[in-house]
Amino acid sequence: MTNPIAEVVICGAGIAGVAAAYYLGKKGLKDIVIVEQGDPLSLTSDKSTEAYRNWWPGPDGHMIALMNRSIELLEVIARESSNRIHLNRRGYLYASGDAGKIPMLAQAALDAAQKGAGALRVHDHSHSSYRPSPAQGFDPWLEGADLISDPALIQQHFPYLNTHTRAVLHVRRAGWLSAQQLGMYLLEQARESGVRLVRGQVVGVDLKGGAVASVQVKYPDGSMHTLGTQVFINAAGPMQKQVGQLLGVELPVFAERHLKMSFSETLGAIPREAPMLIWMDETELPWSPEERAVLAEEESTRWLLGKLPSGVHCRPDGPEASTTLLVLYNLHTGPVEPVFPLPKDPHYAEVALRGLSVMVPGMQRYFEKAPKPWIDGGYYLKTQENRPLIGPLPVKGAYIVGALSGFGVMAACAAGELLAAHVTGAALPGYAPAFLLSRYQNPAYQAGLQNWGDTAQL
């Protein structure tokens, strides 16, 4: 069956596909079709911490520029919608018990400032000008970062942290929002511009003269439909590699499985107004002598007794009256093939809770009788250097907005806007070349990948 020709067909109704449709609609395109096999915004878009930051290390400032633009667009949406998306700017608080990390944190903040993240302010005594972030709203003065190295000042503002904490870096143009509300707002506005959502699976892309001519869609009832179009956008999230292969394009991406735990934190170990908390040190999980003896008996659990990587992080979730806490501590992040439903990790809840307790000792009160956790997760599709792919593919009429890793929610608006500029031939921002697939054809770029350094993955 052949449907009327569409101006654009987008594969995937995750946050990236919906944002692309929204910004294409704002460019004046009317007949846009999003093809989605499941429910919109359900695969990975709601499985992260729903947070954002303009804090991105790297050899240049392109990721910072992309995120700064995306945050600007998020703030526009928040104002236009009376903050339906629940945007705040509480910040990210990177904490360490190692005073030796202070120079490294300072240098990282100075580098980020030079690349556009905002100024560094240093607070090394108790009589400082440090100002906490408000729990609600997105006050525009909150820029740059504050480095606090005075233990008394750290305890004054963050008394729930480990008393051995020797440094915190509070990144200020950061916080979180409701990914579902953002996605639904974008989808609703896109539909008002004429965007149609079609339930089905993209199973083929037909080419004519080396250019996109139509898209084959399998509907839930098994019937096959052909959507005629000259523009096809791969926004298939964790399935982007497979969709790329429909075009004969091998994408340099891989998938990582990331889990998230939430539970009712009724004891108030972490205040509801807290920022995102991230522990920067390697961690040994706290076990009793009896527990250590049991874990040591089996090869499958012996690894729990050793040093584990840094990176456990958490944030309060929901309105002020809520008690929900989100905790993420992903240790096994090797490349995997996406499988649904996600395989279970029998140790995840215990490891995440005990890892968090190193940063916030008050969490130890849950060891004896922890609340029932809710664990979900998704797949982060990423490139080697953890930068997205946004722009044309080497097939005329084919584009991609993807490899958004764990930063899809925060980057979606700028990524969608950039993709729309590519499709419509509009002026491109200075950071556009940094996210093209063709960057991998540059020998100098390929050489730089060997010593890229921190990819900013949480």
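Thr 283 belongs to strand 17, which covers residues 283-284. Helices and strands here are DSSP runs, numbered from the N terminus, with at least four residues of type H or I for a helix and at least two of type E for a strand.

Colleagues, some conventions before I continue. This is a predicted model, in which local features need pLDDT of at least 70 and side-chain atom pairs count only at pLDDT 80 or more, while totals for chains, interfaces and linings use all residues. Residues are numbered from 1 along each chain as its sequence is written, and side-chain values use heavy atoms, with hydrogens and water left out.

Let me return to Thr 283. Its relative accessible area is 1%, so Thr 283 is buried; the term means under 20% relative accessible area, exposed means over 50%, and partly exposed lies in between, with a 1.4 Å probe and protein chains only. The Thr 283 side chain reaches the backbone oxygen of Asp 281 at 3.2 Å. Setting aside residues up to four places away in sequence, Thr 283 touches Gly 306, Lys 307, Leu 308, Pro 309, Tyr 329, Gly 355 and Val 358. Contact is defined as heavy atoms within 4.5 Å.

I turn now to the cavities. A cavity is a set of points, on a 1 Å grid over the protein atoms alone, where a 1.4 Å probe fits but cannot get out, and lining residues have an atom within 4 Å of a point. Grid points are joined across faces, edges and corners, and a volume is the space filled by probe spheres set on the points. On this rule there are 4 cavities of 30 Å³ or more.

The largest cavity has a volume of about 160 Å³. Its lining comprises 19 residues, and those nearest the centre are Thr 49, His 313, Tyr 380, Gly 406 and Leu 458. How does this lining divide into nonpolar, polar and charged residues? The lining of the largest cavity has 9 nonpolar, 8 polar and 2 charged residues. In this scheme Ala, Val, Leu, Ile, Met, Phe, Trp, Tyr, Cys and Pro count as nonpolar, Asp, Glu, Lys and Arg as charged, and the others, Gly among them, as polar.

The second largest cavity has a volume of about 130 Å³. Among its lining residues are Arg 257, Trp 303, Asp 345, His 347 and Tyr 348. Tyr 329, which touches Thr 283, is also part of this lining. Strand 15 (254-264) and helix 9 (348-359) each supply at least two of the lining residues. The lining of the second largest cavity divides into 6 nonpolar, 3 polar and 2 charged residues.

Next, helix 1, which runs over residues 15-26. At 1.5 Å a residue its 12 residues should span 16 Å, and the end C-alpha atoms are 16 Å apart, which agrees; the expected span is 1.5 Å times one less than the number of residues. Helix 1 is largely enclosed by the rest of the structure, because 11 of its 12 residues are buried. Among these are Ile 15, Val 18, Tyr 22, Tyr 23 and Leu 24. Just after helix 1, Gly 28 takes a positive phi of about 105 degrees.

Phe 340 and Pro 341 are joined by a cis peptide bond, with omega about -5 degrees. Pro 341 sits in the loop between strand 20 (324-328) and helix 9.

Ser 82 is not a glycine, yet its phi is positive, at about 55 degrees. Ser 82 lies in the loop between helix 2 (62-80) and strand 5 (92-96). Is Ser 82 buried or exposed? At 68% relative accessibility, Ser 82 counts as exposed. Ala 456, also not a glycine, has a positive phi of about 65 degrees. Ala 456 is in the segment after helix 11 (443-449), and with a relative accessible area of 9% Ala 456 is buried.

I close with two loop residues. Gly 397 lies between strand 22 (389-392) and strand 23 (398-402) and is buried, at 13%. Leaving aside neighbours within four places in sequence, Gly 397 contacts Val 212, Gln 230, Val 231 and Phe 232. Val 249 lies in the loop between helix 6 (240-246) and strand 15, and counts as buried at 6% relative accessibility. With residues up to four places away not counted, Val 249 touches Gly 244, Leu 393, Pro 394, Val 395 and Leu 437.

Terms used. A polar contact is a pair of N or O atoms within 3.5 Å; within protein, one must be able to donate a hydrogen and the other to accept it, and residues adjacent in sequence count only if both atoms are side-chain atoms. On a 1 Å grid over the protein atoms alone, a cavity is a set of points where a 1.4 Å probe fits but cannot get out, and a pocket is an open set with protein on both sides within 12 Å along at least five of seven lines; lining residues have an atom within 4 Å of a point.
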